[in-house]
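User: Please go through the structural labels used for this model and set each one against its definition.

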Amino acid sequence: MSQRAGLQAYFTSLDGIPRPAPGRHVLGTVAFGERTGLSLTGQGHPELAIPMSSPGFDSFREVWTTGTEPVSGTRGNLAFAHDGEYLFISGALPPLPVYRKTVREVYEAAFALVNELGYPHIFRMWNFVGDIIGPNAEGMEIYQDFVAGRAEAFASYGDGTGHMPAATGIGTRGEGISFTLLACREGRPRHVENQRQTPAYHYPEQYGPKPPSFARATRLHPAGAGQGDGALFVSGTASILGHETVHRGDVAAQTDVVLENIAELIGGPNLAAAGLDGGHELKDLRLVKAYVRHEADLPVVRERCRSAFGPDTEVMYMNVAVCRDDLLVEIEGLVP
Ligand code: 3EB
């Protein structure tokens, strides 16, 4: 964990204010609870609040900390904080009839800020999409509307697909679209695909006019660290083989495919195929979030996760829609 002296995260209660360990400073937080909105808190850091809580599921705050006192600010509908090596940006959009153009603009603004502040390497994004499989005012699925605007914005961030980071794209229990991203100055992200899955940025057009802009995982090589020395951020992972949903209607089988997909992704052979050394197992995962579409499926997903992950793996469960109507579960995490 030494390499992550710079950037760390933990889950804590929504009650009170975050109290990081001595010498640690809050860079940014995400509140998975009842509230909606983006602000600089009384403590000075950005906080994105997303309506994600429901009875029987988890409500919590995800706290990103660094060892250096950050500087924070706002710009348009973005809030940000940075510490000289790490940058946290969050953006939030209200409900809109059609999102594409506004999503493009706000993601472009975030990418411009990344460059302006001098943290050009984005290594993780989370995208929270209200009414994700509902239609927009033109009858297009809101997720596809979002994906198109994001894809247009990514064209302004870099050429091709090699710069697309690990990401999560997931529903919420509210409306509007919001996101957070993490970027760094000296460190170097290495993006990883999964040999069991078509790269999302190569999905065929049957899923939407533009393919999703993300990698299956990103390893962050911090400045000055050796290879194999960085955290591995695992994207939201679903029951998809190639580009197709498998085990429609069977949450147990879908959860098993998700866990197998993640195990394959983080294992030595798949990392080697991406030119990376090292290899990990499911029990090495930390800060796991499991997004479960149907409330009634929680016990099954919980049981599958309990047997797959280790005693040190903290898993938070949320009851939200996933981006294809046949996907019942999506799981993300990180290997520190
Ligand atoms: C998938 O593999 C499932 O659009 O940012 C997972 C992670 C998914 C990220 C995104 C979507 C996204 O296609 C969905």
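Analyst: Two strands are said to pair if DSSP finds at least two bridges between them, where strands are DSSP runs of E with at least two residues and helices are runs of H or I with at least four, both numbered from the N terminus. This is a predicted model, in which local features need pLDDT of at least 70 and side-chain atom pairs count only at pLDDT 80 or more, whereas totals for chains, interfaces and linings use all residues. Residues are numbered from 1 along each chain as its sequence is written.

User: How do you know that strand E2 and strand E5 pair?

Analyst: Strand E2 (residues 25-33) and strand E5 (residues 60-66) are joined by seven bridges and run antiparallel; the definition asks for at least two, so the two strands pair. Val26, for instance, stands opposite Thr65 in E5.

User: What makes the sheet that holds these strands an open one, and which strands are its edges?

Analyst: Five strands lie in the order E1-E5-E2-E4-E3 with mixed pairing, forming an open sheet. Its edges are strand E1 (7-12) and strand E3 (37-40), each of which pairs on one side only. Neighbouring strands of this sheet are turned by 15° against each other on average, direction ignored.

User: Which strands make up the six-stranded sheet, and in what order?

Analyst: The order is E6-E7-E8-E11-E9-E10, in an open sheet with mixed pairing. Strand E6 (71-75) and E10 are the edge strands, each pairing on one side only, and the twist averages 10° from one strand to the next. Arg75 has Leu78 in E7 as its bridge partner, and Met125 has Ala167 in E10. E6 and E7 also form a hairpin with two residues between them, and Gly76 in that turn has a positive phi of about 55°.

User: What describes the packing of helix H1 on helix H2?

Analyst: Helix H1 (residues 100-117) and helix H2 (residues 142-157) pack at an angle of about 35° with their axes 7 Å apart, the axes being lines fitted to C-alpha atoms over the stretch in contact and the angles running from 0 to 180 degrees between N-to-C directions. The crossing of H1 and H2 is right-handed, so the near helix is turned clockwise from the far one by less than a right angle. Residues in contact have C-beta atoms, placed from the backbone, within 7 Å; among them, Val103, Tyr107 and Phe111 in H1 meet a set in H2 that includes Phe146, Ala148 and Ala153. The residues of this contact divide into seven nonpolar, two polar and seven charged.

User: What does the contact of helix H3 with H5 consist of?

Analyst: Val251, Ala252, Thr255, Asp256 and Leu259 in H3 meet Val300, Val301, Arg304 and Ala308 in H5. These divide into six nonpolar, one polar and two charged residues, where Ala, Val, Leu, Ile, Met, Phe, Trp, Tyr, Cys and Pro count as nonpolar, Asp, Glu, Lys and Arg as charged, and the others, Gly among them, as polar. The axes of helix H3 (residues 251-266) and H5 come within 9 Å and cross at roughly 35°, and this crossing too is right-handed.

User: Which residues surround the ligand, and which element gives the most to that shell?

Analyst: Those surrounding the ligand include Asn127, Ala167, Thr168, Gly169, Phe214 and Cys323, a residue being near a molecule if its C-beta atom, placed from the backbone, lies within 6 Å of it. Strand E10 (166-171) and strand E14 (232-237) give two or more residues each, and E10 gives the most, with three. By class, the shell has seven nonpolar, five polar and no charged residues.

Notes:
Contact = placed C-beta atoms within 7 Å.
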